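This briefing is intended for a reader with the sequence and coordinates at hand. Please read the points below alongside the display.

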Amino acid sequence: MSKARTIYDKIWDDHLVDSQDDGTCLIYIDRHLVHEVTSPQAFEGLRLAGRTVHAPAKTLAVVDHNVPTTPDRVNGIKNEESRIQVAALAQNALDFGVEYYSEKDKRQGIVHIVGPEQGFTLPGMTIVCGDSHTSTHGAFGALAHGIGTSEVEHVLATQTLIQSKAKNMLVRVDGKAPEGVTAKDIILAIIGEIGTAGGTGHVIEFAGEAIRDLSMEGRMTVCNMTIEGGARAGLIAPDEKTFAYIKERPRAPKGEAWDRAVEYWKSLTTDEGAEYDRVVTLNAANLPPIVSWGSSPEDVIAVTGEVPNPDDIADETKRASKWRALKYMGLTPGTKITDIELDRVFIGSCTNGRIEDLRAAAAVAKGRKVSDRVNAMVVPGSGLVKEQAEAEGLDKIFLEAGFEWREPGCSMCLAMNDDRLKPEERCASTSNRNFEGRQGYKGRTHLVSPAMAAAAAIEGRFVDIRDWK
Ligand SMILES: CC(C)[C@H](C(=O)O)[C@@H](O)C(=O)O
Ligand code: SF4
């Protein structure tokens, strides 16, 4: 009998083109997503070498990082650097015959939201993009990871990638998540547990009742932040929820091809008896809503908690780094999380910019008003998310409550456009990174779920969504 395999092993085996004695392998890439930040030199490389894109139909380009999110963007991008980068992608896509969604196309949005929406992302596939949060697509049981610009060029030219096989890690989240505890809280808790280097060298498979219970949107949130736990990729075995999400998407297989695909997708589960190199288990029933307090996604605490005291850390280097984080964040040990006041709230990003996230935030915002001290914005993850939200009247709820309602893009997740924090401004953000300067020079980011962010906008400080009426 052949060896029991994990879902990662299976996808890997199905894509292996060549393997050398030293472990260097060549794998076939099924899907390549391209955005404006990491692709210009790659296309330039092709041009210089006189090469073409090997499989244009397996490549999809979309602008997200640099596009402004104000409605006047249809009249042209004012910021010169952004304008040049966006124009370069448009030109490259045209020159190389790659499908391209511009800021004027309603299918445009954050690359990791667009792929699944279009049915471009499918189970069992290998998917790459010059972007670390490509791990998002693992929610569909695809092997998806970020690559560097020289690899983008390699994939464009050959539709293959040089890789070595990673180790297998299982993160099992048992139990039922309590009301008010979301996918975002689950993944923040996991990163808090394993640390930002915890997944290094591994592909993480997420399993367990709490993961199964998540919607596809929630699973994408979990896989999105796998990269913040240091892992190469994260994935979740596909199931009926996955198939239901994909069915009828523009690029999903149709008719007989659909039936054959589903049959294959059903085989993408980890075999009984397959071995993992590392196993971590958590119980979702014990999880609270979580807020990050520092400048690393592992710096997390329950909303009911207090800012920790770095002096309690034995390791000297770590202690110093956490003191630095507190100084940067303008916080003192012992401060109750619910006493932290906010200036800004950002609801959006490839972590939490999907329709379900906006629904959760709108449910909190409905009939309420954003605090006078807070400037809050909602940025749908794609034009289609925006359209759906507007059809449901969510835009009105947000606008009446005093939130700004924007056009799709990465926005204040990383401040590559005009959406950014001023120095020392404090923001509750549904994004995935709280590094120094991430949302603007000297800006202070607290990572939270969409409902927690919306409630913080209304109260002007963090509140425990579980007992907030
Ligand atoms: C700009 C891009 C290369 C980057 C990434 O790789 O993740 C960005 O999307 C981010 O979230 O920091
Ligand atoms: S939304 Fe943020 S994390 Fe996602 S791709 Fe854009 S910049 Fe990166």
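C413 sits in the loop that runs between β17 (404–405) and β18 (426–429); helices (H or I, at least four residues) and strands (E, at least two) are DSSP runs, numbered from the N terminus. The model is predicted: local features need pLDDT of at least 70, side-chain atom pairs count only at pLDDT 80 or more, and totals for chains, interfaces and linings use all residues. Residues are numbered from 1 along each chain as its sequence is written, and chains are lettered from A and ligands numbered from 1 in the order in which they are written.

**Annotated cysteines**

- An unreviewed UniProt entry places the feature "binding site" at C350, C410 and C413; UniProt positions are given in the numbering used here, feature names are shortened, and annotations may be inferred rather than shown by experiment.
- These residues span 64 residues in sequence, yet no two of their C-alpha atoms are more than 8.7 Å apart, so they gather at one spot.
- C413 is buried, with 29 other C-beta atoms within 10 Å; a residue is buried if 20 or more other C-beta atoms lie within 10 Å of its own, exposed if 12 or fewer, and partly exposed in between, with C-beta atoms placed from the backbone.
- Leaving aside residues up to four places away in sequence, C413 touches G348, S349 and S431; contact requires C-beta atoms, placed from the backbone, to lie within 7 Å.
- C350 belongs to helix α12 (residues 349–352) and counts as buried, with 27 C-beta neighbours inside 10 Å.
- Not counting residues up to four places away in sequence, the contacts of C350 include H112, H133 and N224.

**Domains**

- The chain is assigned domain 1 (7–165 + 240–259), domain 2 (167–237 + 270–286) and domain 3 (290–467), with bounds from an automatic or database domain assignment.
- The C-alpha centres of domain 1 and domain 2 are 24 Å apart.
- Contacts join 19 residues of domain 1 to 18 residues of domain 2.
- On the side of domain 1 that touches domain 2, α1 (7–15), α4 (111–118), β7 (143–146) and α9 (240–246) each give two or more residues, and β7 gives the most, with four residues.

**Nonpolar core**

- The largest nonpolar core has 141 residues, of which I186, V345 and A361 touch the most other members; such a core is a set of buried Ala, Val, Leu, Ile, Met, Phe, Trp, Tyr and Cys residues joined through C-beta atoms within 7 Å.
- Residues up to four places away in sequence excluded, I186 touches V173, A177, A210, V222, A284 and L287.

How values were computed. Two residues are in contact if their C-beta atoms, placed from the backbone, lie within 7 Å.
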